[in-house]
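Reader: I'd like to go through this one label by label and hear what stands behind each. Can you show it to me?

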Amino acid sequence: MRKLLLSIVAASMTLAACNAQSGYKVTGTVEGMPDGKAIIATVNGSSLDTLAKADVKNGSFEFTGNVSEPTGAYIMVIGQRGAIPFMLENANITVNAGQAGLTVTGSEGQKIYDQFMAINATAQQEAMKLQQEYQAANGDQAKMQAVQEAYAKLMTDAQAKETELIKANPDSYVSTFVIVSGMGQMEYEQLKERYNLLGEKAKASAQGKAIAAQIAKLESTAFGQIAPN
């Protein structure tokens with residue numbers, strides 16, 4: 001009888017653990033967010049797919065739901081401009097935003113995504129400084145040329161850092177999300193190079209397949225290929 005009771009307790013604990021991981025709960029507070037209806041959405045091609053809805057009161061919200069695989073998502077208030085990007089997975093996630101910035105905790109993928117965002121933020125800050133220097137050159141060709149070269153190096157260095165981060169996380173959904181987000185501006189060779197850095201698990205994901213489809217599309221119109229009808 002005691003053994004049976006212990007088995008039931010063990011099974012109940014296992015079931016509880018499974019249920020805890022079966023879905024997500026996203027809670028948080030955003031300073032200045034108006035009361036209304038908010039959604040969690042993902043980008044599907046040129047449209048948005050709504051994954052969850054919640055009421056916003058005093059800037060606070062709580063979403064619950066389930067995703068089949070981790071994905072990049074956005075929190076938006078219906079009728080308002082702007083969106084909060086974060087990594088959504090089946091976990092307890094907390095999102096807080098205000099004048100001090102945005103913090104997202106509870107998502108393992110978010111830690112990797114924050115590293116990508118830090119690279120992007122630094123590059124943007126440096127690019128703005130270079131733009132000001134370019135405007136201040138007042139037609140001085142030598143100075144303008146130097147700024148252009150500095151900008152090219154800045155972009156090359158930022159891309160190299162992103163590449164190293166993808167290499168370090170080849171099967172992370174964050175790596176595929178970052179590639180998908182920027183592949184519209186990538187040439188065939190660059191996109192193929194980044195795709196080849198991914199692991200088999202990442203390539204088999206929905207985003208991995210989207211990257212492969214874009215590569216095939218670019219390849220069909222690459223120099224030397226027979227133009228499609």
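**Labels and the values behind them**

Author: Let's start with a pair of helices: α4 and α7 cross in a left-handed sense. Their axes come within 9 Å, at an angle of roughly 35°. Keep in mind that this is a predicted model.

Reader: What makes the crossing of α4 and α7 left-handed?

Author: A left-handed crossing needs the near helix turned anticlockwise from the far one by less than a right angle. The α4 and α7 axes cross at roughly 35°, and the crossing is classed as left-handed.

Reader: Which residues make that contact?

Author: From α4 it's Y173, T176, F177, I179 and V180, and from α7 it's Q207, G208 and I211.

Reader: Why is Q207 called buried?

Author: The cut-off is under 20% relative accessible area. Q207 has 15%, so it counts as buried. Q207 sits in helix α7 and touches Y173, T176, F177 and V180, leaving out residues up to four places away in sequence.

Reader: What makes a group of residues a nonpolar core, and which residues have the most contacts inside the largest one?

Author: The members must be buried, come from a list of nonpolar residue types, and be joined through side-chain atoms within 4.5 Å. The largest such core has 24 residues, and F116, V174, L191, L198 and I211 have the most contacts inside it. Two or more residues each come from α2 (108-136), α3 (141-168), α4 (173-182), α5 (188-195) and α7 (206-220). Another core lies apart from it, with 22 residues, among them Y24, M33, L88 and I93. As a general point, nonpolar side chains tend to be buried together in soluble globular proteins.

Reader: Which residues does F116 touch?

Author: Setting aside residues up to four places away in sequence, F116 touches E162, L165, I166, V174, S175 and V178.

Reader: Over to the strands. How do you know that V26 is buried?

Author: V26 comes out at 0% relative accessibility, under the 20% cut-off, so it counts as buried. V26 is in strand β1 (residues 24-30). Its contacts, not counting residues up to four places away, are I40, F61, E62, F63, I75, F86, L88, I93 and V95. T64 is 38 residues from V26 along the chain, and the C-alpha atoms of the two are separated by 6.4 Å.

Reader: Why is A41 called buried?

Author: A41 has a relative accessible area of 0%, which is under 20%, so the label is buried. You'll find A41 in strand β2 (residues 36-44).

Reader: What about N58 and N138: buried or exposed?

Author: Exposed means over 50%. N58 has 65% relative accessibility, so it counts as exposed. N138, at 70%, therefore counts as exposed too. N58 is in the loop between β3 (47-56) and β4 (60-65), and N138 is in the loop between α2 and α3.

Reader: How much of the protein chain counts as buried?

Author: Of its 229 residues, 35% do. The chain has seven helices and eight strands.

Reader: Where is the pLDDT below 50?

Author: The chain averages a pLDDT of 86, and 87% of the residues score at least 70. Over residues 1-20, though, the pLDDT is below 50, and that stretch has zero contacts in the model beyond near neighbours in sequence. Where pLDDT is low, the predicted coordinates should not be read in detail.

How values were computed:
Residues are numbered from 1 along each chain as its sequence is written. This is a predicted model: local features need pLDDT of at least 70, side-chain atom pairs count only at pLDDT 80 or more; totals for chains, interfaces and linings use all residues. Side-chain values use heavy atoms; hydrogens and water are left out. Buried means under 20% relative accessible area, exposed over 50%, partly exposed in between (1.4 Å probe, protein chains only). Helices (H or I, at least four residues) and strands (E, at least two) are DSSP runs, numbered from the N terminus. Contact means heavy atoms within 4.5 Å. pLDDT is the predictor's confidence in each residue, from 0 to 100. Axes are lines fitted to C-alpha atoms, for helices over the stretch in contact, and angles run from 0 to 180 degrees between N-to-C directions.
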